[in-house]
Protein chains: 2
Amino acid sequence: MAELTRLTRHSDARGHLVSVGASAEVPFSIRRVFWIYGNTARFTRAEHASRGTTQMLVCVAGSCRATLDGPAVSGTALLDRPDASLLVPPMTWLVLTEFSPDCVLLVLTDTLYDPADTISDLDHFRALAAP
Amino acid sequence: MAELTRLTRHSDARGHLVSVGASAEVPFSIRRVFWIYGNTARFTRAEHASRGTTQMLVCVAGSCRATLDGPAVSGTALLDRPDASLLVPPMTWLVLTEFSPDCVLLVLTDTLYDPADTISDLDHFRALAAP
């Protein structure tokens, strides 16, 4: 199951704040942060797996759908709130779809960017991930 | 001067991606990430300084204004694009205003949350920051 984890939201009259950093919220050391936005035509994104990177996805504006397929986790989840996260383990094929025009997807990872970490061929991934 | 640093934006038909993690983009180890949103009434936020925390601010949706005052940097900057960052050094009084209703302000810091790190009294801050 691709299960969302609810994050603590600190709210008052000024609005909301969600903070992650302790091990309970992010089960890894944050090495890289990236954000995806401006997908006005609802293209599919990702369509790859990471060999050794764990990712935490949070949709901080708008919504999108994440579909995961791998030995550790598989399933789909609608990301539509800034206080819910989805963990994507290494060796998990990730497909991102259904971007709302205002979607901003925040991703925290435990590695710096390395093209060699990415598997972009589905057949190759399936061969590697097979038990 | 409160100067923005332009971040590299990777763009194609699917939209945009901005990634930070290398030392050139974030001049510290990321320990905590938080995001502020839902400020529909345009309240002022922050109004405090950190004793030992460096922060990097990026407005990933909408816009807001950051006003900085401290020995290292002072000035004001409109944060209105997801590919520009503003560095806030320790011992800098920070005031956030002019939130657009859709503003999502992303903040990366080099410390875990510690209430003792925050100075919320402006007179106290001025006394500590005085040369």
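The points below go through the interface of chains A and B and some of the strand pairing in this predicted model.

1. Extent of the interface. Chain A puts 35 residues in contact with 35 residues of chain B. Between chain A and chain B about 3000 Å² is buried, and carbon and sulfur atoms account for 61% of that area. On the chain A side, the residues that lose the most area to chain B are Arg14(A), Trp35(A) and Tyr37(A), which together make up 28% of what that side buries.

2. Polar and charged pairs. No salt bridges are counted between chain A and chain B. Twelve residue pairs are in polar contact across this interface, with both residues at pLDDT 80 or more.

3. Make-up of the chain A side. Five strands of chain A each give two or more residues to the side that touches chain B: E3 (15-20), E4 (32-37), E5 (45-50), E6 (55-61) and E11 (104-109). By residue class, that side of chain A has 22 nonpolar, seven polar and six charged residues.

4. Strand pairing between the chains. E3(A) is joined to strand E4 of chain B, residues 32-37, by five bridges, and the two run antiparallel. Within this pairing, Val33(B) of E4(B) stands opposite Val20(A).

5. Surroundings of E9 in chain A. Strand E9 of chain A, residues 84-88, is mostly covered, with four of its five residues buried, that is, under 20% relative accessible area. Strand E1 of chain A, residues 4-6, runs antiparallel to E9(A) and is joined to it by three bridges. Thr5(A) has Ser85(A) of E9(A) as its bridge partner. E6(A) is likewise joined to E9(A) by three bridges, again antiparallel. In that pairing, Met56(A) stands opposite Leu87(A).

6. A sheet in chain B. Five strands of chain B form an open sheet in the order E8-E7-E10-E5-E12, with antiparallel pairing. Strands E8 (74-79) and E12 (118-119) of chain B are at the edges and have a single partner strand each, so one side of each has no neighbour in the sheet.

7. The partner of E12(B) in the order given is E5(B). Strand E5 of chain B, residues 45-50, is joined to E12(B) by two bridges, and these strands run antiparallel. Ser50(B) has Thr118(B) of E12(B) as its bridge partner.

Conventions: Residues are numbered from 1 along each chain as its sequence is written. Chains are lettered from A and ligands numbered from 1 in the order in which they are written. This is a predicted model: local features need pLDDT of at least 70, side-chain atom pairs count only at pLDDT 80 or more; totals for chains, interfaces and linings use all residues. Side-chain values use heavy atoms; hydrogens and water are left out. Two strands pair if DSSP finds at least two bridges between them. Contact means heavy atoms within 4.5 Å. Buried area is the accessible area (1.4 Å probe) that two parts lose on being put together, summed over both. A salt bridge is a side-chain nitrogen of Lys or Arg within 4 Å of a carboxyl oxygen of Asp or Glu. A polar contact is a pair of N or O atoms within 3.5 Å; within protein, one must be able to donate a hydrogen and the other to accept it, and residues adjacent in sequence count only if both atoms are side-chain atoms. Ala, Val, Leu, Ile, Met, Phe, Trp, Tyr, Cys and Pro count as nonpolar, Asp, Glu, Lys and Arg as charged, and the others, Gly among them, as polar. Buried means under 20% relative accessible area, exposed over 50%, partly exposed in between (1.4 Å probe, protein chains only).
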